Amino acid sequence: MLNIVCYVGIFSLLASGCSAPEPIHPPLTAEASAQQAFIEFAEKSAEPPARNVLFTLRQMVQNREIVQGGCWDYLDAAWTRAGVPRNQRKVVFAGNRNGHFASPDQLRAGDWIYHINHSYRGIEHSGMFIGWVDKERRMGLTLSYAGERRHEPARYKVYDLSSVYQITRAE
């Protein structure tokens, strides 16, 4: 729903102490709108340290921020900026890439996860877990950052999370 402002001229509005109307953005698709609601719900329901990290990451995505380095560097920068330095991060599950993987019930919104990226040559990848899209099939929404030399901002993407081998939480 748009805010309706009586137009008296932009200078009249500003002179009277009213702020200019918000810029109008194109409407979100139903899928994008649902994803945004999912992300905001995860953020609001997360524990306070993780909530701060999720909020910081959402702002970084909205600002299309680029961080030099890869997925680890991006998440490290976000966690630090959100007030969670390295000494306040706890590994709550440590498996291995060769088959000792986390159960879906172990993941919480705001967890920093390491997993096998089945959609991209089976490489190791880390991301921020947002929530389950299809828990039974282990399809989860994460914040993902490609980094390196791609100069692409982070994005929210659904991954096969059947091979999560490390979970880190903010303390």
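Visitor: Hi! Where does Arg138 lie?
Guide: Arg138 lies in the loop between strand 3 (123–134) and strand 4. One thing to keep in mind as we go is that this is a predicted model.

Visitor: Buried or exposed, or something in between, for Arg138?
Guide: Arg138 is partly exposed, with a relative accessible area of 27%.

Visitor: Which loop holds Arg64?
Guide: Arg64 sits in the loop between helix 3 and helix 4. Arg64 is not a glycine either, and has a positive phi of about 55°. At 58% relative accessibility, Arg64 counts as exposed.

Visitor: What about the residue after helix 4?
Guide: That is Gly83, which follows helix 4 and has a positive phi, near 90°.

Visitor: Let's step back. How many helices and strands are there?
Guide: The chain has four helices and six strands. Along the sequence, the pattern reads α-α-α-α-β-β-β-β-β-β.

Visitor: And how much of the chain is buried?
Guide: Buried residues make up 39% of the 171 residues.

Visitor: On to the helices. How do helix 2 and helix 3 pack?
Guide: Helix 2 (residues 30–45) and helix 3 (residues 48–62) pack at an angle of about 150°, with their axes 8 Å apart. That angle makes helix 2 roughly antiparallel to helix 3, since the cut-off for that label is over 145 degrees. Their crossing is left-handed.

Visitor: Which residues meet there?
Guide: From helix 2 you have Ile39, Glu40, Ala42, Glu43 and Lys44, and they meet Arg51, Leu54, Phe55 and Arg58 in helix 3. By class, the residues of this contact are four nonpolar, no polar and five charged.

Visitor: What is Ile39 in contact with?
Guide: Leaving aside neighbours within four places in sequence, Ile39 is in contact with Arg58, Ile130, Leu141 and Tyr156. Ile39 and Leu141 are 102 residues apart in sequence, yet 8.7 Å apart in space, C-alpha to C-alpha.

Visitor: Nice. What's the geometry of helix 3 against helix 4?
Guide: Helix 3 and helix 4 pack at an angle of about 120°, with their axes 8 Å apart. That makes helix 3 oblique to helix 4. Helix 3 passes helix 4 in a right-handed crossing.

Visitor: Who makes that contact?
Guide: Helix 3 brings Val53, Thr56, Leu57, Met60 and Val61, while helix 4 brings Tyr74, Leu75, Ala78, Trp79 and Arg81. The contact of helix 3 with helix 4 has eight nonpolar, one polar and one charged residues.

Visitor: Which residues of helix 4 are buried?
Guide: In helix 4 (residues 71–81), the buried ones are Cys71, Tyr74, Leu75, Asp76, Ala78 and Trp79.

Visitor: Last topic, aromatics. How many aromatic pairs turn up?
Guide: A search of the whole structure finds six. One of them is Tyr74 with Tyr145, a stacked pair with 4.1 Å centre to centre and 20° between the planes. The pair links distant parts of the chain, with Tyr74 in helix 4 and Tyr145 in the loop between strand 4 (139–144) and strand 5 (155–160), 71 residues apart. Tyr74 and Tyr145 are both buried.

Visitor: Why is the pair of Trp112 and Tyr114 called stacked?
Guide: Their ring centres are 6.4 Å apart and their planes are at 10°, so the pair is stacked. Trp112 is buried, with a relative accessible area of 3%, and Tyr114 is buried at 18%.

Visitor: And which rings form a cluster?
Guide: Ring pairs link Trp72, Trp79, Trp112, Tyr114 and Tyr165 into a cluster.

How values were computed: Residues numbered from 1 in each chain as written. Predicted model: local features only at pLDDT ≥ 70, side-chain atom pairs only at ≥ 80, totals over all residues. Heavy atoms only, no water. Axes fitted to C-alpha atoms, helices over the stretch in contact; angles between N-to-C directions. Helix = DSSP H or I, 4+ residues; strand = E, 2+ residues; numbered from the N terminus. Parallel < 35°, antiparallel > 145°, perpendicular 65-115°, else oblique. Left-handed = near helix turned anticlockwise from the far one by under 90°. Contact = heavy atoms within 4.5 Å. Nonpolar A, V, L, I, M, F, W, Y, C, P; charged D, E, K, R; others polar. Buried < 20%, exposed > 50% of the residue type's maximum accessible area, 1.4 Å probe, protein only. Phe/Tyr/Trp six-rings, centres within 6.5 Å; stacked < 30°, edge-to-face > 60°.
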